[in-house]
Amino acid sequence: MGALRLPALTSIFSSPSSAATAAARCFPLLSRCPSHFSQPRRRFSSPNFSVQSTPEKGIPSEIQDHKPPIVQGKEKERVITPRSQDFNAWYLDVIANAELADYGPVRGTMVIRPYGYAIWEAIQEYLNVKFKETGHSNMYFPQLIPYSFIEKEASHVEGFSPELALVTIGGGRELEEKLVVRPTSETIVNHMFTQWIHSYRDLPLMINQWANVTRWEMRTKPFIRTLEFLWQEGHTAHATSDEAEKEAMQMIDVYTKFAYEQAAIPVIAGRKSRVETFAGASKTYTIEAMMGDKKALQAGTSHNLGQNFSRAFGTQFTDENGLRQHVWQTSWAISSRFVGGIIMTHGDDAGLMLPPCLAPVQVIIIPIWKKDDEKTGVLTTASSVKEILQSAGIKVKIDGSEQKTPGWKFNFYEMK
């Protein structure tokens with residue numbers, strides 16, 4: 001976000017009918033949000049694609065095994081380390097100065113501040129519409145999962161065991177069975193699907209939940225990898241293998257369109273290698289984005305689970321011929337790590353840069369007056385400009401606070 005200077009306001013105020021047109025001329029990029037990134041989207045062209053940034057397994061090399069200070073010593077002057085000098089330090093400086101997040105009291109956790117959460121809300125808003133357009137319904141599953149559920153699918157427990165957070169005491173007493181704090185929901189989803197699916201008439205069953213997830217990471221980095229993070233996870237059940245594969249491909253395409261058209265991030269979509277496939281899945285599709293440090297970031301995944309979980313949990317249905325069959329399933333997710341991807345793709349040495357579609361504020365108005373008797377007129381004019389821009393669909397904020405100087409405000413909002 002940068003400061004805007006209008007050479008004259010007469011053209012804007014000349015007539016109410018021309019207000020939206022004038023605003024569109026002033027902000028052509030903002031008024032045509034989906035078209036601001038013009039490169040064509042890459043379609044699936046290779047059956048196999050592999051990078052080392054899998055969130056389910058492995059640790060990206062850019063993640064540091066320590067807790068570097070986000071704000072310490074830099075609040076007053078708001079210094080940002082140049083990207084070319086130290087990319088990791090630059091990343092943390094941007095998060096601090098743009099007031100996106102801070103470290104939580106528990107090692108590996110983070111507190112997402114209002115401006116950072118507003119970016120996540122913009123992601124939610126877009127994807128929520130797309131999920132419903134493709135026939136999915138939102139619901140919510142419990143955060144605590146019986147440990148026996150995790151053990152039912154061998155590769156699943158093997159893949160997630162090192163990252164599990166376990167609850168062993170409740171109400172002051174030791175629990176009869178350990179509970180897992182949700183690392184993902186395939187197991188509890190299948191437990192419930194078994195109760196809801198009986199006949200082919202119950203299929204397809206397609207749901208999504210917006211939730212938090214806990215994975216006990218040893219090396220963390222704000223937004224990119226934290227002990228707890230936010231995400232959406234979709235889960236579907238189908239009568240045939242072809243239907244499940246079509247669903248998995250459809251959702252990775254939704255993610256690809258979102259990356260290009262909303263986040264202005266070019267991605268490559270492809271299939272993970274067997275080693276990097278999600279624990280318990282038959283196939284994992286992913287979108288990979290290149291960050292400013294020339295390292296790949298896994299930005300979204302879609303898994304064809306085959307019948308692995310349905311066989312482990314006995315999730316069956318009676319087909320049209322009266323025979324019992326196991327369902328075919330998918331799961332797919334995008335998490336708050338995408339916020340980190342936006343920072344590392346678009347940010348520069350001046351601070352955070354956001355794609356207009358996801359920016360919480362697209363225009364900031366800084367009223368300036370020299371004498372007290374000018375204040376009312378300036379604020380009134382600023383409010384009029386705000387209304388005109390809002391009528392054109394632009395997200396606008398007026399900062400009329402008197403505690404900071406205009407120069408300080410220009411610098412502050414340039415970082416956001």
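I began with the pairing of strands β5 and β6 (residues 173–181), which run antiparallel to each other over 5 bridges; strands here are DSSP runs of E of at least two residues and helices are runs of H or I of at least four, numbered from the N terminus, and two strands pair if DSSP finds at least two bridges between them. This is a predicted model, in which local features need pLDDT of at least 70 and side-chain atom pairs count only at pLDDT 80 or more, while totals for chains, interfaces and linings use all residues. Residues are numbered from 1 along each chain as its sequence is written, and side-chain values use heavy atoms, with hydrogens and water left out.

I looked up Leu 166 and found its bridge partner in β6 to be Val 180. I then noted that the open sheet has 3 strands in the order β4-β6-β5 with antiparallel pairing, and that β4 (144–146) and β5 (165–170) are its edge strands, each pairing on one side only.

Next I turned to Arg 337, which lies in helix α11. I recorded Arg 337 as buried because its relative accessibility is 5% (buried means under 20% relative accessible area, exposed over 50%, partly exposed in between, with a 1.4 Å probe and protein chains only). I listed two polar contacts (N or O atoms within 3.5 Å, one able to donate a hydrogen and the other to accept it; residues adjacent in sequence count only if both atoms are side-chain atoms): the side chain of Arg 337 reaches the backbone oxygen of Ile 224 at 3.1 Å, and a polar atom of that side chain lies 3.0 Å from the backbone oxygen of Gln 298.
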